[in-house]
Amino acid sequence: MAPLAVAVPIMVAALIIMVDRRLPRLAIDLLATAGALADVVFTALILHQSASGRVITWSAGWKPVHGLSVGIVLVDDPIGAGIALLAAALVVLALVFSWHYIESEEGHYHCLMLLFLAGMEGFALTGDIFDMFVFFELMGAAAYALTGMKIEDPTSVQGGMNFGIINSLGAYIALMGVGLLYAKTGQLGLPQLGRALAHQPRSELLVAAFVMLMAGFLVKGAMAPFHFWLADAHAVAPSPVCVLFSGVMVPLGVYGAFRVYWAAFPTAIARPDVSRAFLALGVVTAVVGAVMCLEQRNFKRLLAYSTIAHVGLFIVALGLLTSEGVAGAAIYIVSHAGVKAALFLMAGVLLARYGTVDEAELHGRCGDAGLLRWLMPVGGLALACLPPFGTALGKEISEDAGSAAGYLWVPALFVAVSACTGGAVLRVAGRMLFGLGPPPEEGAGQTSGDEEREGEPLRRIPATMAVPILTLLGGALAVGILPGVHAAAENAARIFVDSGGYRNQALFGTAARLPAVHEGGWSLSGVLLGLLSAGLALGVAAVGIWSRPITHHFPRLLDWGRRPLSVLRELHSGHVGDYVAWLMLGLAALGGLLSLPAR
Amino acid sequence: MRTVVFLAGAAGVVVLAVVAALHIPGFGSTFHPYRTAAVEASVKHVAANVVSSVNFDQRGLDTLGEESILLASILGAAILLRPAKDETEKRPLSAGRVLESTRMLGYLMMPITLVIGLDVIAHGHVTPGGGFQGGVVVGTGIHLLYVAGSYPALEKARPLRAVEWGEAIGAGAFASLGVAALVASGAFLSNVIGTGSFGQLLSAGTVPLLNGAVGIEVASGTAVLLGAFLKQAIMVKGPDDSR
Amino acid sequence: MSFYPYLVAVWLLVVGAFGIVRSRNLIHAILCLSVSQSGTYVLLLAVGYQWHAKPPVFGEPATHPTAKVVDPVVQAMTLTDIVVSATVTALLLALATQIHKRHGTLDPDELRQLKG
Amino acid sequence: MMVLIVIMLSVVGLAGTAVVLTGEPQRQALMLSAFGVASGLLFMVLQAPDVALSEIGVGTAIVPLMVMLAVRKTERRN
């Protein structure tokens with residue numbers, strides 16, 4: 001079953017190339033959407049099956065003998081199958097949105113989307129580290145091309161280039177890590193690696209291999225200081241593609257890093273060291289993302305930085321290295337994907353209607369946006385973790401996990417970051433859709449990379465655009481409302497962190513079933529903290545909208561705050577050489593954090 | 001500034017890597033557990049070239065991913081190198097100045113190259129080489145016609161439409177063979193058909209088939225890629241290209 | 001000697017990255033990226049090498065399948081890696097061509113539209 | 001054998017450095033070709049004929065060819 005999720009999109013893509021000049025555009029749309037829908041079915045079945053134990057598939061039938069095999073294993077637990085399902089579902093919605101959004105006669109765009117899907121499925125479902133590298137690169141190759149697709153647009157090709165160089169370099173560093181690990185153990189399968197490393201003494205070789213693997217995956221996962229490519233790519237890629245980038249590709253990078261840690265390294269590297277490194281870099285990522293998010297006036301770039309901020313939160317939650325943290329991150333990732341994808345599609349609608357998503361240019365011009373007048377503020381509040389959206393549930397569980405691990409600053413960080421990112425979205429919504437606040441000064445501010453869309457401006461929003469947006473927001477709401485989501489996530493998380501079970505079930509078909517939890521859900525403190533962050537977000541938005549009169553009276557304060565900000569903005573220079581330099585420094589920093597023993 | 005940041009990072013990375021290298025089993029050691037298992041598996045399926053056996057039989061899923069990367073890159077390059085809205089295609093007038101001897105060499109070399117390439121593909125499971133290496137040779141070989149100075153002849157020998165088909169057929173066939181094996185034996189990409197005898201052309205089960213699919217895809221892929229760059233370089237004119 | 005191949009591999013990775021950092025031309029940067037990647041080829045093949053072992057091919061000249069051979073798995077991985085390298089390089093070169101068309105330059109110092 | 005491997009490794013390391021230090025793309029493409037040959041020979045010495053064949057095909061022919069074409073396209077307007 002699992003290999004089909006990879007093979008079917010590839011076959012449909014090949015079919016589209018063969019027939020695309022004989023069929024009308026609608027047929028290509030339908031074919032591509034059907035291909036992605038097939039993957040929704042496959043991954044949903046795998047998810048269903050995995051609830052009663054991991055689904056193990058030995059590709060090419062090379063079943064292990066005495067725990068060794070020459071084949072590739074796919075080990076699918078609920079978390080892996082869940083993120084694979086998320087990817088397939090987002091691709092379906094993105095393709096539906098593209099029916100009227102992407103104007104091209106040929107099916108190349110559709111093929112690339114399907115190959116991108118195949119890459120994500122392979123990466124999520126495989127249990128082999130070299131196979132992960134291959135599908136990582138497949139995601140990459142499709143993604144670079146999709147980013148640079150608008151060749152008439154100068155910034156588009158440039159964003160694609162920065163993305164391509166940084167991500168490829170990250171992949172090669174990860175492959176170096178694979179090589180080191182292979183040299184030490186002679187294995188490539190995660191279960192086999194876990195078994196080989198379970199009794200290894202701590203060694204610098206393993207630390208180096210781990211650092212290189214993490215760096216590679218977290219380049220895609222946009223952890224600071226590997227995150228610079230993300231905003232460039234998101235600002236210029238077509239909106240339905242951004243849905244996939246922010247919704248699932250970036251979280252997949254994080255997933256890959258922690259999958260590798262839990263499957264292979266939990267005893268090979270001291271746990272406090274790993275936790276400390278991830279917490280530190282996660283906090284930096286979250287803060288940088290949130291601050292930069294507030295600074296943007298291009299709505300898509302703003303959303304991109306908000307993704308960076310949220311990735312920081314995911315890394316903090318996962319970096320606690322407890323099953324509660326994993327459960328919180330899982331719920332947060334799924335519902336964040338729904339909210340953020342809906343917001344990117346709204347950006348696409350704005351772009352199609354008004355030709356820009358610049359906050360100042362559109363000030364008060366979008367009063368006639370119809371449905372969007374309601375949906376965009378809702379999206380902003382959901383991003384700010386307003387209960388009962390799933391984002392708030394994920395935030396609550398992560399905060400509890402943080403407090404339980406003794407880190408009392410974790411709830412504060414989560415509230416602050418969700419308030420800043422949600423507030424930024426609300427500010428843009430208030431100014432664009434309702435014309436709140438003073439009109440912008442002429443010629444003020446920056447213009448920074450914008451997607452350009454060809455074709456007629458959109459008069460009314462067609463159903464193929466409205467339905468995906470509503471579905472995504474509804475999905476994020478459902479995660480928070482449906483009973484049993486918390487318990488299911490908790491059970492999935494326990495399976496995810498059960499390293500011994502992972503390798504025993506894959507290699508020997510034996511794994512003790514873990515006791516299942518059945519309770520869980522909203523708590524009063526969680527709801528209150530959710531309301532707090534949503535309220536703060538409204539405050540942030542209000543300050544953003546009406547701040548000029550206020551700061552007028554305190555120029556000194558403003559000046560003092562601007563200096564570090566301008567340094568931070570300078571760092572995001574759009575220069576690929578800078579990004580590579582930071583990549584190397586981040587690699588060294590990660591190595592340093594993991595080599596110096598904690599405490 | 002940039003260089004300073006880089007050097008600081010690179011110094012750290014080098015230290016990390018050098019310390020790690022000191023702990024690798026020394027170069028040329030006899031510690032290769034996967035090797036031993038892979039050779040056994042290859043012998044079991046009568047594939048004389050163990051590398052091909054690993055690529056197409058034992059770790060075929062990697063190769064499926066690899067072929068998809070190729071497909072994605074080629075589609076991507078085709079999208080990126082298409083003539084933009086404000087550009088026109090202009091056919092170069094004639095062959096241009098090409099020495100008669102160069103022209104002869106091009107015409108002469110092409111069939112030889114193609115034969116070598118096809119041979120490398122066909123014997124991929126027996127001798128070094130295979131679909132990828134042979135495909136590269138074939139895909140490049142066709143472009144010797146350009147060296148021969150005949151762009152029209154090149155266009156005839158390389159009808160882009162057919163080549164695009166070839167690339168899709170190759171990728172589709174690889175995945176379809178995998179699914180067929182899943183239906184026939186319950187395991188994706190498993191080696192289901194008879195294996196023949198060692199070192200023969202017809203041996204190693206599905207390895208030569210998958211190898212052939214890769215050969216078709218790589219040959220057409222290389223041709224499309226080189227073709228796209230070539231066309232871009234000599235035919236596509238921008239709005240401000242007066243020449 | 002025992003570590004020299006690994007050092008060469010790391011050297012290629014780092015020197016390629018250095019080239020990208022100092023690059024004044026994106027095509028140059030792309031080629032530096034492929035130099036970085038060659039570091040991984042060298043590392044993988046070095047890891048799979050064994051003194052006095054033969055290539056993992058038993059066809060021609062016919063060798064008995066029990067002869068001592070070097071690791072075929074790293075070779076298969078390197079092959080995959082080479083394909084990845086070539087195709088990604090092609091994709092990036094195509095992007096570079098378009099960047100030049102739209103900006104008239106390939107110098108990353110002059111391409112500053114994606115700031116902030 | 002050992003001497004040969006050391007020599008080839010050094011040649012590859014130096015050739016890689018030379019590719020990086022060659023700033024002018026047209027010449028860099030040629031350097032890359034040479035680097036491809038050196039790598040191919042190294043892989044041959046390391047008993048990897050399959051890899052050597054691909055590296056020589058890709059590294060000395062296709063990639064330098066594409067670079068030349070891309071350079072030709074991008075230098076025309078300067």
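Let's start with chain D, which has 3 helices and 0 strands. Helices here are DSSP runs of H or I, at least four residues long, and strands are runs of E, at least two, both numbered from the N terminus. This is a predicted model, where local features need pLDDT of at least 70 and side-chain atom pairs count only at pLDDT 80 or more, while totals for chains, interfaces and linings use all residues. Residues are numbered from 1 along each chain as its sequence is written, chains are lettered from A and ligands numbered from 1 in the order in which they are written, and side-chain values use heavy atoms, with hydrogens and water left out.

Back to chain D. From the N terminus on, its elements run α-α-α. Its C-alpha trace spans about 50 × 25 × 10 Å along the principal axes.

Now the packing. Two packed helices are described by the angle between their axes and the distance between the axes. The axes are lines fitted to C-alpha atoms, for helices over the stretch in contact, and angles run from 0 to 180 degrees between N-to-C directions.

Take helix 1 (residues 2-21) and helix 2 (residues 25-45) of chain D. Their axes come within 9 Å and cross at roughly 160 degrees. Helix 1 of chain D and helix 2 of chain D are therefore roughly antiparallel. The cut-offs: under 35 degrees is roughly parallel, over 145 roughly antiparallel, 65 to 115 roughly perpendicular, and the rest oblique. The crossing of these two chain D helices is left-handed; that is, the near helix is turned anticlockwise from the far one by less than a right angle, and clockwise would be right-handed.

Who touches whom? Contact means heavy atoms within 4.5 Å. On helix 1 of chain D, the residues include D:Leu4, D:Met8, D:Val12 and D:Ala15. On helix 2 of chain D, they include D:Met31, D:Phe35, D:Leu42 and D:Val45. By class, this contact of helix 1 with helix 2 of chain D has 16 nonpolar, 3 polar and no charged residues. Ala, Val, Leu, Ile, Met, Phe, Trp, Tyr, Cys and Pro count as nonpolar, Asp, Glu, Lys and Arg as charged, and the others, Gly among them, as polar.

Next, chain B. Helix 2 (residues 33-44) and helix 3 (residues 50-58) of chain B have axes that come within 9 Å and cross at roughly 80 degrees. So helix 2 of chain B and helix 3 of chain B are roughly perpendicular. B:Ala38, B:Val39, B:Ala41 and B:Ser42 of helix 2 meet B:Val50, B:Ser53, B:Val54 and B:Gln58 of helix 3. That is 5 nonpolar, 3 polar and no charged residues.

On to the chain interfaces. Chain B puts 23 residues in contact with 17 residues of chain D. About 1800 Å² is buried between chain B and chain D, 65% of it from carbon and sulfur atoms. Buried area is the accessible area (1.4 Å probe) that two parts lose on being put together, summed over both. B:Gln133, B:Phe229 and B:Ala233 lose the most area on the chain B side, together 25% of what that side buries.

Chain B also meets chain A. This contact takes 61 residues from chain B and 66 from chain A. The two chains bury about 5500 Å², 75% of it on carbon and sulfur atoms.

One helix pair spans chains A and B. Helix 5 (residues 129-147) of chain A and helix 4 (residues 60-80) of chain B have axes that come within 9 Å and cross at roughly 10 degrees. That makes helix 5 of chain A roughly parallel to helix 4 of chain B. The contact between helix 5 of chain A and helix 4 of chain B has 10 nonpolar, 4 polar and 4 charged residues.

How many salt bridges cross the interface of chain B and chain A? The rule finds 2. It asks for a side-chain nitrogen of Lys or Arg within 4 Å of a carboxyl oxygen of Asp or Glu. B:Arg59 and A:Asp128 meet in a salt bridge (2.6 Å, N to O). Between chain B and chain D the count is 0. Over all chains, the structure holds 16.

Another salt bridge joins A:Arg297 and A:Asp358 (3.0 Å, N to O). A:Arg297 lies in the loop between helix 11 (271-295) and helix 12 (299-319) of chain A, and A:Asp358 in the loop between helix 13 (323-354) and helix 14 (372-383), so the pair ties together parts 61 residues apart in sequence.

Last, the backbone. A cis peptide bond joins A:Ala224 and A:Pro225, with omega about 0 degrees. Another joins A:Pro387 and A:Pro388.
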